[in-house]
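Subject: Structure handover

Hi there,

Here is the structure I promised to pass on to you. Have a look at it first, and then read on for what turned up.

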Amino acid sequence: SLRNTEITSLPKGLTVGGSLYLVGAPITSLPKGLKVKRNLWVGNTPLSTKTDEEIRALIGPNGYIKGEIIR
């Protein structure tokens with residue numbers, strides 16, 4: 001969980017074994033190759049205005065979000 005932290009970026013190729021909580025963080029982009037095995041929570045972040053398709057495009061074809069993108 002990175003909820004309400006000041007983190008602005010994530011490392012390329014990051015793998016998260018569960019859900020990734022970014023709620024309230026000022027993060028504006030996601031790294032290529034990001035793998036999230038459950039849900040991605042982006043409420044109250046700059047990412048929350050992007051569509052699911054735009055978010056998936058950020059991580060590219062080598063990344064995935066197996067669960068839902070939750071705002």
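What percentage of the 71 residues in the chain do buried residues make up? The figure is 32%, where buried means under 20% relative accessible area, exposed means over 50%, and partly exposed is in between (1.4 Å probe, protein chains only).

Some ground rules before the details. This is a predicted model, in which local features need pLDDT of at least 70 and side-chain atom pairs count only at pLDDT 80 or more, while totals for chains, interfaces and linings use all residues. Residues are numbered from 1 along each chain as its sequence is written, and side-chain values use heavy atoms, with hydrogens and water left out.

**Overall layout**

The chain has one helix and six strands, and from the N terminus on the elements run β-β-β-β-α-β-β. The radius of gyration is 10 Å, close to the 11 Å that the globule rule gives for 71 residues, so the chain is as compact as a globular protein of that length. That radius is taken over C-alpha atoms, and the globule rule is 2.2 Å times the number of residues to the power 0.38. Helices (H or I, at least four residues) and strands (E, at least two) are DSSP runs, numbered from the N terminus. Along the principal axes, the C-alpha atoms fill a box of roughly 25 × 20 × 20 Å. Contact means heavy atoms within 4.5 Å; among contacts between residues at least 6 apart in sequence, 30% join residues at least 24 apart.

Two strands pair if DSSP finds at least two bridges between them. Strand 1 is joined to strand 3 (residues 35-36) by two bridges, and the bridge partner of T15 in strand 3 is K35.

Another open sheet of three strands has the order 2-4-6, and its pairing is parallel too. Its edge strands are strand 2 and strand 6, each of which pairs on one side only. Two bridges join strand 4 to strand 6; in strand 6, I70 is the bridge partner of W41.

**Side-chain pairs**

W41 also turns up in an aromatic pair. A search of the whole structure finds one such pair: Y21 and W41 are stacked, at 5.4 Å centre to centre and 25° between the planes. Y21 lies in strand 2 (residues 20-21) and W41 in strand 4 (residues 40-41), so the pair ties together parts that are 20 residues apart in sequence. The rule here is that rings of Phe, Tyr and Trp (its six-membered ring) pair if their centres lie within 6.5 Å; planes under 30 degrees apart count as stacked, over 60 as edge-to-face and the rest as tilted. Y21 is partly exposed at 25% relative accessibility, and W41 is partly exposed at 26%.

How many salt bridges does the count come to? One, with a salt bridge being a side-chain nitrogen of Lys or Arg within 4 Å of a carboxyl oxygen of Asp or Glu. The side chains of R71 and D52 form it, at 2.9 Å, N to O. R71 is in the segment after strand 6 (69-70) and D52 is in helix 1 (residues 52-59), so to speak distant parts of the chain, 19 residues apart. R71 counts as partly exposed at 43% relative accessibility, and D52 does as well at 27%.

**Core and helix contacts**

The largest nonpolar core has 16 residues, of which L20, L22, L30, L40, I55 and I65 touch the most other members. Such a core is a set of buried Ala, Val, Leu, Ile, Met, Phe, Trp, Tyr and Cys residues joined through side-chain atoms within 4.5 Å. Not counting residues up to four places away in sequence, I55 touches partners including L30, L40, I65 and R71.

I59 lies in helix 1 and is buried, with a relative accessible area of 2%. Its C-alpha atom is separated by 5.6 Å from that of P31, 28 residues apart along the chain.

Happy reading, and enjoy exploring!
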